[in-house]
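Subject: Structure for you to look at

Hi,

Here is the structure I promised to pass on. Have a look at it first, and then read my notes below.

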Amino acid sequence: MRVHTREVLEDCVDGSLAVRYGMDEAWTRDGIVALAGLGRLEYFAHFPRPMFRLRTGLGLEVKAVEGEDTCRLTLPRNGSAEAERQFADRLAGIRTDDGTKGGCDGSQTAEVL
Amino acid sequence: MPTPAEPLRRIYMNNAANGWPLAPGVAEAMAAAAQRMPDARTGVAVDAAGDAEACRASLACLLGVADRSRIALTAGATHALNAVWWGLGLKPGAHVVTTVSEHNSMLRPLHHLGQRVEGLRVTPVGLGSDGTVDMGELRAALRDGADVVALNHASNVTGLVADAREVFQAAKAAGAVTVLDACQSLGHVPVLAGELLADIVVATGHKLLHGPTGVGVLYVSQGLELEPWLVGGTGARSDLVAHPPEMPTRLEAGTPNAVALAGLRAALDWQAVRGGTWVPEACSRCRVLRRGLAEIPGVRVVGDEALPCVMRVPLVSFVVEGWDPEELGFALAESFGLVCRTGLHCAPLIHAGLGTAPLGTARFSPSGFTDDADIEAALEAVRRLAG
């Protein structure tokens with residue numbers, strides 16, 4: 001998965017940097033699962049539109065909806081460049097062209113990966 | 001290929017920020033105004049003056065004032081509040097007492113003024129046990145003397161309505177001018193300026209009135225005059241070098257927003273007919289929402305500790321364990337289709353007293369257009385997120 005656009009968003013709260021990535025393809029379950037290992041990944045497959053949130057070890061927070069081709073990042077105050085680079089590198093290694101669709105396996109709680 | 005996300009039914013729960021949909025007739029009135037040929041003399045549509053006067057008449061009824069000329073129509077509440085603070089002519093060393101519930105549209109002009117008026121003191125009074133104004137703290141602040149007491153009538157974070165008359169009685173006893181921010185209350189609770197002892201009332205067209213953005217209300221009581229903050233063309237009295245001094249022209253420089261005025265007129269007309277039933281429906285649905293949220297484990301409804309007799313406008317702030325408000329807003333919007341606001345809500349000072357600093361809250365604000373299915377969908381979404 002590659003990042004096509006990077007848009008800085010205005011955040012209400014503490015001025016922390018919020019960024020939206022436009023990707024070259026939509027998120028799939030496989031793509032989401034591939035983010036595990038970067039930090040704490042929660043996959044909410046039971047939501048009407050499944051989504052995930054990721055908190056990386058470098059303090060980056062990422063949220064996205066499965067099936068959408070964007071994600072929202074909240075960068076840490078310190079080390080934001082490194083945190084963002086780590087995430088972008090992981091994205092570049094994700095291949096989602098097998099068409100696998102995720103979705104709910106019947107559970108009603110978040111899957112922590 | 002990955003399949004796109006399923007489309008969601010969007011449910012709008014952010015009326016405290018911007019009332020949506022517009023009241024019936026508003027969009028049509030605005031479209032008609034946009035098509036009208038401008039008057040050769042004034043440069044605005046022929047009926048614009050009629051719309052403005054109709055708005056003043058309706059607002060005079062809502063505010064309980066006899067002289068509609070004391071109501072200026074501005075570009076918005078922020079514009080109106082700037083006109084207040086720059087127009088009051090505060091001297092060096094002046095003392096303004098306000099509250100921690102204030103919106104940035106009140107706080108920021110005060111801050112800006114403080115950088116230009118030497119020794120200006122601003123005292124924000126904290127929350128009382130009823131979640132509104134700490135009257136003990138207010139009286140203590142007033143013992144130092146005060147030039148102005150400014151109050152947010154209804155908090156856009158908690159929905160609680162302050163006892164403005166009690167606050168302004170204390171203010172008047174200290175000899176202060178009283179300023180009421182009624183942006184979150186006008187249209188839902190009585191805002192009778194005389195009854196509340198408010199010298200100045202500011203409101204907006206685009207929240208609980210479900211009118212358009214771009215129009216605000218500034219009422220200044222007889223006997224008090226604000227120095228014009230903005231002067232210029234008025235479409236009349238071109239012979240005058242100085243800006244005309246009489247109200248409302250005194251505070252209405254520039255070409256009016258004729259389209260927005262037409263919209264506000266339509267909104268006020270609709271409110272006059274339907275407000276009596278529509279407002280209680282909004283409050284009733286918000287009560288269901290508030291009670292439902294309070295029953296969800298892991299959810300704290302903010303301001304729920306208020307005494308039952310404290311009036312509320314239809315909004316409810318809450319926090320969910322394990323979710324930052326911003327994340328909550330994302331999930332509610334993107335996974336559940338619920339449009340709501342999260343964060344500090346432009347009211348930065350109140351959160352310390354509510355225990356919701358530094359990240360703020362999520363906020364649902366239904367309206368009379370919100371139906372029971374919307375309320376249940378909102379509750380179900382929060383149950384899933386909290387679970």
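Leaving aside neighbours within four places in sequence, which residues is B:Phe168 in contact with? This is a predicted model, and in it the contacts of B:Phe168 are B:Val149, B:Leu151, B:Thr178, B:Val179, B:Leu180, B:Leu196, B:Leu197 and B:Ala198.

B:Phe168 also belongs to the largest nonpolar core, which has 42 residues. Together with B:Leu138, B:Leu180 and B:Val201, B:Phe168 touches the most other members of that core. As general background, nonpolar side chains tend to be buried together in soluble globular proteins.

B:Leu197 is not a glycine, yet its phi is positive, at about 65°. You will find B:Leu197 in the loop of chain B between helix 7 (193–196) and strand 7 (200–204). Is B:Leu197 buried or partly exposed? With a relative accessible area of 25%, B:Leu197 is partly exposed, because the buried class ends under 20%.

B:His210 is another residue other than glycine with a positive phi, near 55°. B:His210 sits in the loop between strand 7 and strand 8 (216–220) of chain B. Its relative accessibility is 1%, so B:His210 counts as buried.

Next, the cis peptide bonds. One joins B:Trp20 and B:Pro21, with omega about 0°. B:Pro21 has its place in the loop between strand 1 (11–12) and helix 1 (26–35) of chain B. Another cis bond runs from B:Ala357 to B:Pro358, and there omega is near -5°. B:Pro358 is in the loop of chain B that lies between helix 10 (350–354) and strand 13 (361–364).

Finally, a residue in a helix: B:Arg139 lies in helix 5 of chain B, residues 135–142. B:Arg139 has a relative accessible area of 41%, so this residue is partly exposed. How far apart in space are B:Arg139 and B:Gly233, C-alpha to C-alpha? The distance is 43 Å, and in sequence B:Arg139 and B:Gly233 are 94 residues apart.

Happy browsing, and do write back with any questions.

Best wishes

Definitions and conventions. Residues numbered from 1 in each chain as written. Chains lettered and ligands numbered in written order. Predicted model: local features only at pLDDT ≥ 70, side-chain atom pairs only at ≥ 80, totals over all residues. Heavy atoms only, no water. Core = buried A, V, L, I, M, F, W, Y, C linked by side-chain atoms within 4.5 Å. Buried < 20%, exposed > 50% of the residue type's maximum accessible area, 1.4 Å probe, protein only. Contact = heavy atoms within 4.5 Å. Helix = DSSP H or I, 4+ residues; strand = E, 2+ residues; numbered from the N terminus.
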